[in-house]
Amino acid sequence: MSRTDFDILVVGGGPGGYVAALRASQLGLSVGLVEAQHLGGICLNWGCIPTKALLRASEINHLLHDLGPYGFKADNVSFDFTKVVARSRAVSKQLSSGVAHLLKKAKVPVFDGYGKLDGVTPDGKRKILVTQDKNAPVTLTAKHVILATGARARALPGIEPDGKLIWSYREALVPDAMPARLLVIGSGAIGTEFASFYRNMGADVTLVEVAPRILPVEDEEISALAQKAFEKQGMKVLTNAKIGAFKKTEQDVTVPVEVNGKIQSFTVDRVISAVGIVGNVENLGLEGTKIKVERTHVVTDALCRTGEPGVYAIGDLAGAPWLAHKASHEAVMCVEAIAGKTVHPIDITKIPGCTYCRPQIASVGYTEARAKEAGYKVRVGKFPLIANGKAIAMGETEGFIKTVFDDKTGELLGAHMIGAEVTEMIQGYVIARTGELTEAELAETIFPHPTISESMHEAVLAAYGGALHF
């Protein structure tokens, strides 16, 4: 008979949940994992991973239509959209299977079904009721329960996804056909990535944002260049925009968009709604507990503890920033705290954010505006990729690197990047933020030549008037 009593039970098998289970096993704790659908969660199955596979295809499509500057010529370039989508699904399946292998290797039992808090045993252990349609409910017990049920797409009244004309990210990942005309509502990372993918695959794309600028959490100069780049690619971008009532037919949908008092109507094949997420707090048995929920997210302290003793929450369920790597880090921190190890609470200003549109965007720490709002006197350095040798050789000169330093101490407060492969380079600045490095230490760091990363060094030097190549 399978074990039913554990030191830790994890509810949810996404990048927070499965990492928590693996770390608990490493520390010698008995641990069980409850997952209702797919190991790897939204990230591996319906988010981070499949979107990157699609975006890779769109990058190839873009390059095949822009071969002239490199001395190549290709006629009648085409793609099989079904195969493009199928490859992204295969990538997700491979990684989800990999998670299953890791859990099996770590001897972590996986219970298929939905888990919910179901009271406390006489000796003070938590009870979790696991239900699945085909099987009888199972009751598990544990000293500690980690809730990691993630989040789902927010649906606003009037623009709820219908699976046909109006898509959430799920439908956008597995479309039945390539839309010729597309309108994307919301310009955060999800909306921007889908807009970039479909535009680079040849769709006529309109990106609509209610805020005064796209990518509103990014530095203003990054947002401005991103919009300029998108418009240069042929994308229509509308900010300060309000969406009116949709008019649907069997084949398309007409969307009225109001900007500065003027209304434009767009008739498109599909609409993607990317207006945020809500936490999966329903059916977790939170009623009658001391666990608080605010704006669909479970409230926790700095060590992921809820108001209910022995119950923790991590990842998207516990609120922003909604990032897989934040969930995984919280998972390790939470389990190590349970195990009695010394841990350090997460500083969200040291968590990188990446958007994989074209050009890519990456950032960490304070924007220039936020740093000033926080009372810092700042030094700012910028370096354009047009002045970088590797970027010129690659034909990828669109973009720049921006650094923000504390004028008093020299500490790196933030870094913001837009351009080719910046999502692979941001970690250098993340390490600098984590290590509380100053401009002096970064200036003395030797960067390899020729690389785009040299622009990171130049952006540091530029903050102190020492840029050498611009």
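How does the lining of the second largest cavity divide by class into nonpolar, polar and charged residues? In this predicted model, local features need pLDDT of at least 70 and side-chain atom pairs count only at pLDDT 80 or more, while totals for chains, interfaces and linings use all residues. Residues are numbered from 1 along each chain as its sequence is written, and side-chain values use heavy atoms, with hydrogens and water left out.

Two cavities of 30 Å³ or more are present in the structure. A cavity is a set of points, on a 1 Å grid over the protein atoms alone, where a 1.4 Å probe fits but cannot get out, and lining residues have an atom within 4 Å of a point. Points are joined across faces, edges and corners, and a volume is the space filled by probe spheres set on them.

The second largest cavity, with a volume of about 40 Å³, is lined by Thr51, Leu54, Leu55, Glu193, Phe194 and Phe197. This lining comprises four nonpolar, one polar and one charged residues (Ala, Val, Leu, Ile, Met, Phe, Trp, Tyr, Cys and Pro count as nonpolar, Asp, Glu, Lys and Arg as charged, and the others, Gly among them, as polar). Domain 1 (5-152 + 278-348) and domain 2 (155-273) each contribute at least three residues to the lining of the second largest cavity, the bounds coming from an automatic or database domain assignment.

Definitions and conventions
On a 1 Å grid over the protein atoms alone, a cavity is a set of points where a 1.4 Å probe fits but cannot get out, and a pocket is an open set with protein on both sides within 12 Å along at least five of seven lines; lining residues have an atom within 4 Å of a point.
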